[in-house]
Amino acid sequence: MATTAVIQTENLTKAYTRGKYALENLNLRVMEGEIFGYLGPNGAGKTTTIRLLLDLIRPDMGHATVLGMDAQKDTLKIRRKLGYLPGELNLWDNMIGKQVLDYVIRVRGGVDANYMRQLIERLGLDAKLKVRQYSTGNKRKLGLVVAMMSKPELLILDEPTNGLDPLVQQTLYQILAEVKAEGRTIFMSSHNLAEVQTNCDRVGILRNGLLKTVESVHQLRTTDFQWVTIRFRNAVPVSHLAGVPGVSDVSVHDNTLRLRLAGDFDPLLRAVGDQYIVDIDTEEPSLEEVFLTFYGENNKQKNIEPKVEVAK
Amino acid sequence: MTGVIFMDTLRRSWRTVLWWSLGVGSITALQIVAIPDANAIRQIGELLESMPPAMLQLFGAGSDMSFYSTPEGYLSLQFFGFILLVFAIYGIFAGLNITINEEDRGIMDVVLSLPTPRWQVVVERFAAYTVNVIVIVLVTFLFLWGGLLVTPALQVNMQRMVEGTINIVPGTLLTVAITMLLGVTVRRRGAAMTLAFVFVLGSYFLDTIGRSASESVINQVRAISFFAYYNGENVIKNGLSLFDMTVLLGATVIALVLSVFIFQRRDIGV
């Protein structure tokens, strides 16, 4: 991975009301050429972060650099090299799509008309309609063309697939992969875990204005816990599992035991070691499960007394 | 790129300008062609003289009732007396279009994500609406002129008519600028619009009530009303007042500078 940080924040903080932080001490580095997923539920601070990077709002504390430049002082230079899709895209209702694109071309200058036409075609945008006639998905397509047509060094996409149908989503993922292949950087916020799982290199998880973790997608799915399925020749020794460190969510079906294991295998294997084991299978958690672990009120990673569920 | 927002604003507002021009122009022409001859104006003047002065002053009349028996006096009361109020309504809607309408609808995020400085959005849009105001005023004058051409009985001093029409511009621009300033300050479209209407109507009534109560405090406070510096009747009688125009244009520039200053520094859409 490249070593140049395209986005870097130091203790970036924003409070809209006194004492209630929308974003608190954000320290983040997004590297050149990566697709960085910014995950969090509504109100977590994703859009606040993006609006701070774009200098639409000003931080109460901290500092941000984008493309090596100060997010506030050099905002114009930054915006020349940046494409942005807002989470809630609002445009001039009376203008037709093409007029919106023409306006952006005039303001930006230097837009590759061929690339713009390709984007319009691939995303299936009808640029002849008035903005007010667009469905949510079509408006999103227009916003994506606006953000991407100048081939910016950095793309900031706030919930890019909101309202897009699955086929267009796939096309967009393909376009994003091409952008990445060209060495450009994408910072995309999302609460769609599958989308992040498919497209991103690294993920930052945000909750209540606090950055909980930044991990590679792969690492995030492997570091925390895994699902373990053990098939015994005889009855499952459920009573042996009491107090085994890292074991939770135990369920039994016939001679098969399924449980969630955090940490090492050894305590589990010792606990059931006197039984004949036919087969062991492990399965990584989905990103959604990891996500819920970060967000869940009860941290399931703790060593809790296993609650056994026996299927009839 | 410099000038893009200016041109874009003109392009997007030409239909509105056309309708306003035709609307205000029609009112203007009707005011003139509805008068059969100078004799009728004399009769109207005599009728006005018989009415209580305080009541007439509430409708923008001055103290010299004999003036209203002349064609110029008639136009100063029936047209120039209230026309700024009509233009001020345009000024309010134009002022809202500079920042707060787009900010309220979330469009400003897109505008400011492009390489355009905030000051440029404010200044270029204000410049475009200045052009719009001048165009509407110009078309209004053409209707006024046309009305006078088809009504040969009305012989008026055309230079004074030109000056009276030019006199509409500074007051309208001030309304645009004040509304824009309210928009960037209060950050809510509804609140900005309400305050702008309060500003315009408050100024109008402060001026008219102040004029009719020459001995009261309101008469002195009247100086804070921008209608006091419009004074359409005085312009028709004595020509443009450099002082009054400087006050209105100076206040407009101050409101513009303050708007840029505030918009440059504050959060957008919060």
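**Entry 1**

I began with A:Tyr103 and listed what it touches beyond residues up to four places away in sequence. In chain A the partners are A:Trp92 and A:Met95. In chain B they are B:Val4, B:Ile5, B:Asp8, B:Val111 and B:Leu114. I note here that the model is predicted.

Next I looked up the nonpolar core. The largest one holds 147 residues, and A:Tyr103 and A:Phe187 have the most contacts inside it. A second core of 15 residues is separate, and A:Val228, A:Val236, A:Leu268 and A:Ala271 are among its members. I wrote one general remark beside this: in soluble globular proteins, nonpolar side chains tend to be buried together.

**Entry 2: domains and confidence of chain A**

I looked up the domain assignment of chain A. It gives domain 1 as residues 5-220 and domain 2 as residues 224-310. The C-alpha centres of these two domains of chain A are 39 Å apart.

Chain A has a mean pLDDT of 88, and 90% of its residues are at 70 or more. For residues 297-307 of chain A the pLDDT falls below 50, though this stretch still has 24 contacts in the model beyond near neighbours in sequence.

**Entry 3: where the chains meet**

I counted the residues in contact between the two chains: 27 from chain B and 23 from chain A. The area buried between chain B and chain A is about 2,400 Å². Carbon and sulfur atoms give 58% of that area. How many salt bridges does the rule find across this interface? It finds 3 between chain B and chain A.

I looked at two salt bridges that join residues of chains A and B. B:Asp109 pairs with A:Arg51, with the closest N and O atoms 2.8 Å apart. B:Asp267 pairs with A:Lys14 through their side chains, at 2.5 Å from N to O. In this second pair, B:Asp267 sits in the segment after α14 (242-265) of chain B, and A:Lys14 is in strand β1 (residues 5-17) of chain A. Are these two residues buried or exposed? Both B:Asp267 and A:Lys14 are buried.

**Entry 4: salt bridges within a chain**

The search of the whole structure gives 22 salt bridges over all chains. I picked out two that lie within one chain.

In chain A, the side chains of A:Glu178 and A:Arg122 meet at 2.9 Å, N to O. A:Glu178 belongs to helix α6 (residues 166-181) and A:Arg122 to helix α4 (residues 113-123), so the pair links parts of chain A that are 56 residues apart. A:Glu178 has a relative accessible area of 31%, so I put it down as partly exposed. A:Arg122 is at 30%, and it too is partly exposed.

In chain B, B:Arg12 and B:Glu102 form a salt bridge, with the closest N and O atoms 3.8 Å apart. B:Arg12 is in helix α1 (residues 4-33), while B:Glu102 is in helix α6 (residues 100-105) of chain B, 90 residues away. Why does B:Glu102 count as buried? Its relative accessibility is 4%, and buried means under 20%. B:Arg12 counts as partly exposed because its value is 32%.

I then followed the shared partners. Salt bridges join B:Arg12 and B:Glu102 with A:Arg106, B:Asp8, B:Arg11 and B:Arg125 into one network. B:Asp8 in that network is also one of the residues that A:Tyr103 touches.

How values were computed: Residues numbered from 1 in each chain as written. Chains lettered and ligands numbered in written order. Predicted model: local features only at pLDDT ≥ 70, side-chain atom pairs only at ≥ 80, totals over all residues. Heavy atoms only, no water. Domains from an automatic or database assignment. pLDDT = per-residue confidence, 0-100. Contact = heavy atoms within 4.5 Å. Core = buried A, V, L, I, M, F, W, Y, C linked by side-chain atoms within 4.5 Å. Buried < 20%, exposed > 50% of the residue type's maximum accessible area, 1.4 Å probe, protein only. Salt bridge = Lys/Arg side-chain N within 4 Å of Asp/Glu carboxyl O. Helix = DSSP H or I, 4+ residues; strand = E, 2+ residues; numbered from the N terminus. Buried area = accessible area lost by both parts, 1.4 Å probe.
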